[in-house]
Amino acid sequence: MEAVFKFVFAILISAVLMVEEATAATQHVVGGSQGWDESTDFSTWASGQKFVVGDQLVFKYTSLHSVVEVGSESAYKSCDISSALNSLNGGNSVVKLTKPGTRYFACGTSGHCGQGMKVKITTVAADASSSSSSSTTTTPASSSSSSSSSPASTSSSSPASASAASVSYRASMATALLVICLSLVSV
Ligand SMILES: [Cu+2]
């Protein structure tokens, strides 16, 4: 009987871990089904996404394009790719979002950035929303924007509620499994 309980318990624990795994990291295919292309509306695409630390960007593109990461908002706005932090080729480039903040990507092909082939990605901390108490989001993003004097509004407040929902979902999931475990023990 005890062996059966241990088996069930192991199944439940692995189920919890799988739920964690599924919600922990997201792969964002940049531009959705249209991919990394001049015709894609990247600002609309990005506004519908929530980028969390640990997530990945996947750039899918033809040999006409490349991916260049630039280091500043001004370089991004003026399509100045001479200050590139990184340059990627090959048609299937994966970029890991390792910390909170804003990153800027453009196409390296001449003229493409000017046609709108660029995207701005704002990543939020994974645990920023898990503190369910009424904390006023103290994101460390303000420290990185010390150089820019432009009053660019940070639009990182609205997607925070989305992951709060997923966190509470995970919490209720874990609680439900715990209750099942406890009821099995008492049998
Ligand atoms: Cu291009």
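Student: How many bridges join strand β7 to β8, and in which sense do the two strands run?

Tutor: Two strands pair if DSSP finds at least two bridges between them. Here, in a predicted model, β7 (residues 101–106) and β8 are joined by six bridges and run antiparallel. Within β8, I121 is the residue opposite R103. Strands are DSSP runs of E, at least two residues long, and helices are runs of H or I of at least four, both numbered from the N terminus.

Student: In which sense do β2 and β8 pair?

Tutor: Strand β2 (residues 51–52) pairs with β8 in the parallel sense, over two bridges. There, V52 stands opposite V124.

Student: Why is β8 described as largely enclosed?

Tutor: A residue is buried if 20 or more other C-beta atoms lie within 10 Å of its own, exposed if 12 or fewer, and partly exposed in between, with C-beta atoms placed from the backbone. Strand β8 (residues 118–124) has five of its seven residues buried, so the rest of the structure largely encloses it.

Student: Is S87 buried or exposed?

Tutor: S87 lies in strand β5 (residues 84–88) and is exposed, because 12 other C-beta atoms lie within 10 Å.

Student: Which residues does S87 touch, beyond those up to four places away in sequence?

Tutor: Two residues are in contact if their C-beta atoms, placed from the backbone, lie within 7 Å. By that rule S87 touches S66, V68 and G108.

Student: And how are the numbers to be read?

Tutor: Residues are numbered from 1 along each chain as its sequence is written. As the model is predicted, local features need pLDDT of at least 70 and side-chain atom pairs count only at pLDDT 80 or more, while totals for chains, interfaces and linings use all residues.
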